Amino acid sequence: MLIAAGLLFLYWFLKPSKVAIAEKSTNEKMLLILLGAPGAGKGTVAERAEHELDFVVLSTGNLIRDNIAKDTDLGKNFKKYTSKGELVPDELICSLVKEWLLTQVKAGKKIILDGFPRTAVQAKYLHDLTKNELKDYTVRFIELQVSDDEVVRRISNRLTCSNKACQAVYRPEDFENLAQAVCKRCGARLIKREDDCEEVVRERLRVHKETNAPLIEFYRSVGYSLEGISGDGKQPEEVFAAFKSIIAR
Ligand code: AMP
């Protein structure tokens with residue numbers, strides 16, 4: 001009897017609790033790299049993950065636009081590239097990302113990168129950085145896959161908050177009265193981004209295809225696999241649900 005009670009206690013003491021497992025999966029130190037063409041929905045997924053799942057997000061596009069808006073020396077330099085749909089030079093963006101990333105790592109945050117890496121050079125840089133400085137992080141790659149036509153349709157229609165500290169993105173159908181629409185988060189005016197016209201979008205898509213293939217190739221060569229979410233014809237809620245089920249695995 002005593003032995004049975006002892007064994008029962010031992011089982012109860014040692015069995016992994018469901019609560020502990022749930023906490024582990026939500027608190028796991030994770031670096032998620034969101035890949036996908038401009039307009040594939042990376043920003044929307046990242047924003048929801050930030051608000052609902054406690055991730056911190058770095059959007060390099062937002063960081064660059066912020067520098068341009070503040071007219072910093074870096075911003076002046078960036079504008080020469082972004083206005084034509086070209087990528088900014090690797091060495092400039094890499095050092096900015098490193099500084100931000102290490103601050104978040106020190107604080108033990110769950111991290112999403114949106115828009116970085118964009119080239120094989122950036123991918124190699126990030127790979128070295130994660131090997132050396134993010135040893136206790138799980139690194140995962142999630143690609144949002146959307147066709148070119150859908151990208152052009154989405155981007156040519158989308159509206160962005162004019163407040164550079166916010167930069168929330170909306171679809172026209174998010175508002176009942178589009179003429180009076182303002183940002184739902186901060187109340188600022190909504191604008192069409194300068195590089196969101198069809199001509200620049202097509203160039204951004206071309207650049208994306210050219211640079212994305214070697215990037216994926218690099219990650220495959222160092223043993224990472226890519227997890228894909230098809231976004232064509234899907235509502236943002238459906239894409240986010242797919243994202244959540246991937247990161248819970
Ligand atoms: P996005 O908002 O991510 O589409 O980025 C807008 C623009 O910022 C891009 O067209 C590029 O000119 C620039 N940009 C953003 N991220 C990067 C990056 N990782 N490397 C180089 N240029 C970038």
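The model is predicted, so local features need pLDDT of at least 70 and side-chain atom pairs count only at pLDDT 80 or more, while totals for chains, interfaces and linings use all residues. Residues are numbered from 1 along each chain as its sequence is written, and side-chain values use heavy atoms, with hydrogens and water left out.

Let's begin with the sheets. Helices (H or I, at least four residues) and strands (E, at least two) are DSSP runs, numbered from the N terminus. Two strands pair if DSSP finds at least two bridges between them. As a reminder, strands of a sheet pair through backbone hydrogen bonds, either parallel or antiparallel.

In what order do the five strands of the parallel open sheet come? The order is β2-β3-β1-β4-β8. Because β2 and β8 (226-230) stand at the edges with a single partner strand each, one side of each has no neighbour in the sheet. From one strand to the next, the twist averages 25°. Over at β2 and β3, the parallel pairing runs over five bridges, and Phe 55 stands opposite Lys 110 in β3.

Helix α9 (residues 198-221) lies across β1 (30-35), β4 (138-145) and β8, running at about 145° to β4. For angles like that one, axes are lines fitted to C-alpha atoms, for helices over the stretch in contact, and the angle runs from 0 to 180 degrees between N-to-C directions.

There is also an open sheet of three strands, antiparallel, in the order β6-β5-β7. Its edge strands are β6 (169-170) and β7 (190-191), each pairing on one side only. Strand β5 (residues 159-161) pairs with β7 over two bridges, and Cys 161 stands opposite Leu 190 in β7.

Helix α3 (residues 42-53) and helix α10 (residues 236-247) pack at about 60°, with axes 10 Å apart. The contact (heavy atoms within 4.5 Å) involves residues including Val 45 and Leu 53 of α3 and Phe 240 and Phe 243 of α10. What kinds of residue make up this contact of α3 with α10? They divide into eight nonpolar, one polar and four charged. Here Ala, Val, Leu, Ile, Met, Phe, Trp, Tyr, Cys and Pro count as nonpolar, Asp, Glu, Lys and Arg as charged, and the others, Gly among them, as polar.

On to the ligand. For polar contacts here, we want a pair of N or O atoms within 3.5 Å. A backbone N or O atom of Glu 86 lies 2.6 Å from a ligand oxygen atom. A polar side-chain atom of Arg 65 lies 3.0 Å from an oxygen atom of the ligand, and for an N or O atom in the side chain of Arg 193 the distance to a ligand oxygen is 3.4 Å.

Last, the backbone. Most residues other than glycine have a negative phi, and most peptide bonds are trans. Asp 54, in the loop between α3 and β2 (55-59), has a positive phi near 70°. A cis peptide bond joins Phe 116 and Pro 117, with omega about 0°, and Pro 117 lies in the loop between β3 (110-114) and α7 (120-133).

Definitions and conventions: A polar contact is a pair of N or O atoms within 3.5 Å; within protein, one must be able to donate a hydrogen and the other to accept it, and residues adjacent in sequence count only if both atoms are side-chain atoms.
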